[in-house]
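Please keep the sequence and the 3D view open while reading.

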Amino acid sequence: MAFQTSCVTGANIVTGLTCQQDVMADAEGRELVQHGSALFPIACYAENLKSYSVAWHWHEEFEYILAMKGPLTVDVNKTRVTLQTNQGVFLNSGILHAVEQAEKGEALLHSGVFHPRLVGGMDTIFWQKLIRPMLQPDAPAFFLLDGAVPWQAQVLTCLREAWQAVAVEPFDYENRVRYYLSAALRLLSTQCVGGKTKVSQQEQIAAERMKQMLRFVEEHYAEELTVERIAASVALSESACLRSFRQMLGITPIQYVKQFRVEKAAELLRSTRLKTGEIGMECGFADGSYFIKTFREIKHCTPKEYRAKFC
């Protein structure tokens with residue numbers, strides 16, 4: 001089944017409902033979770049960002065995010081996009097991104113993650129006309145979608161229809177999904193003609209280094225982590241590492257480590273019966289009071305309050 005939702009909203013059972021998995025990545029930081037199946041590589045998600053956020057990661061698949069109730073923020077490379085209700089964003093393949101609520105209260109989203117080959121393999125005309133323009137080095141990293149712009153409104157309609165078909169699975173839904181995604185990509189690919197975004201080789205190298213550093217944190221977050229260790233994982237100086245994080249993510253390496261650890265702790269609070277102190281230790285917080293302070297700083301409540309609210 002290709003429809004998924006986070007565990008915290010698991011009471012709303014729909015066709016094909018399963019729990020969202022943590023982001024897992026390979027040695028380069030690429031997400032390893034399979035979205036959909038080999039024959040039908042797409043998965044759709046419904047999330048309430050009041051209790052859940054998506055850490056920085058990347059994957060080969062395209063992804064679209066629809067704000068069902070905003071505002072919510074999508075960080076893409078060096079840009080922060082704020083989505084209001086009924087707006088959306090389409091993320092290109094291989095792009096670093098993260099998602100969280102923009103302010104207190106509920107922020108609901110629908111998202112779809114699909115491999116380009118769902119629309120057509122590399123030996124088809126569909127790949128040549130719809131996919132290849134999107135994968136060029138000078139193609140935009142993302143497309144902000146607003147219903148006030150006619151062509152963007154058409155894209156939003158197609159993406160919503162594709163999401164709904166995956167979620168409900170009506171007769172022949174696989175062909176419907178492919179049709180709607182093809183129509184959306186036809187509109188998006190026309191925006192890539194002429195190379196609106198130039199990406200230098202230096203920027204590409206910086207992006208790859210950042211992906212590797214994020215992967216290093218994911219592998220070692222339970223250990224003592226310093227800027228020196230993170231920088232050494234890609235043979236950078238500490239100053240270059242700090243500059244890279246600030247330029248690409250808008251935060252320091254240590255701030256990212258804290259956020260990543262807290263999200264891991266939040267997942268354990270929702271999904272296990274481990275004691276708060278045990279969870280803090282498992283997520284790299286050697287001191288219990290510091291764990292509570294950091295958790296409150298990021299989640300605006302204590303670990304105990306969080307568990308009571310979302311379990």
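The points below go from the whole chain to single elements and side chains.

1. Overall make-up. This is a predicted model. The chain holds 10 helices and 10 strands, and 51% of its 311 residues are buried. Of the contacts between residues at least 6 apart in sequence, 68% join residues at least 24 apart. The accessible surface is about 15000 Å², with 52% of that area belonging to carbon and sulfur atoms.

2. Cysteines. How many disulfides does a search of the whole structure find? The count is 0. C192 has a relative accessibility of 7% and is therefore buried, the limit being under 20%. C301 is also buried, at 5% relative accessibility.

3. Helix α10. This helix spans residues 303–310, and its buried residues are P303, Y306 and F310. Viewed down the axis of α10, these residues fall within an arc of 60 degrees, so they line one face of the helix. An α-helix has 3.6 residues a turn, so residues three or four places apart point the same way. The face of α10 turned away from the buried side carries K304, A308 and K309, which are exposed. What do the buried residues of α10 pack against? Their partners are α7 (253–271), α8 (276–282) and α9 (288–299).

4. Aromatic pairs. The whole structure contains 14 aromatic pairs. In one of them, Y221 and F260 have ring centres 5.3 Å apart and planes at 65 degrees; an angle over 60 counts as edge-to-face, so this pair is edge-to-face. Y221 sits in the loop between α4 (201–220) and α5 (227–232), while F260 belongs to helix α7, 39 residues apart, and the pair links distant parts of the chain. Y221 and F260 are both buried.

5. F285 and F291 form a tilted pair, with 5.1 Å between centres and 40 degrees between planes. F285 is buried at 2% relative accessibility, and F291 is buried at 1%. Ring pairs join F285 and F291 with Y290, F295, Y306 and F310 in a cluster. Two of its members, Y306 and F310, are among the buried residues of α10.

6. Charges over rings. K211 lies over the face of W58, at 3.9 Å from the ring centre. R178 lies over the face of F126, at 5.0 Å from the ring centre.

7. Strand β7. L91 lies in this strand, residues 88–91, and is buried with a relative accessible area of 1%. Leaving out residues up to four places away in sequence, L91 touches F62, E63, I65, V74, V76, H97, A141 and F142. One of these, V74, is 17 residues from L91 in sequence and 9.8 Å away in space, C-alpha to C-alpha.

Note on methods
Residues are numbered from 1 along each chain as its sequence is written. This is a predicted model: local features need pLDDT of at least 70, side-chain atom pairs count only at pLDDT 80 or more; totals for chains, interfaces and linings use all residues. Side-chain values use heavy atoms; hydrogens and water are left out. A disulfide is a pair of cysteine sulfur atoms within 2.5 Å. Buried means under 20% relative accessible area, exposed over 50%, partly exposed in between (1.4 Å probe, protein chains only). Helices (H or I, at least four residues) and strands (E, at least two) are DSSP runs, numbered from the N terminus. Contact means heavy atoms within 4.5 Å. Accessible areas come from the Shrake-Rupley method with a 1.4 Å probe; for residues, only the protein chains shown count as cover. The arc is that of the directions from the helix axis to the C-beta atoms. Rings of Phe, Tyr and Trp (its six-membered ring) pair if their centres lie within 6.5 Å; planes under 30 degrees apart count as stacked, over 60 as edge-to-face and the rest as tilted. A charge sits over a ring if NZ of Lys or CZ of Arg is within 6 Å of the ring centre and within 35 degrees of the ring normal.
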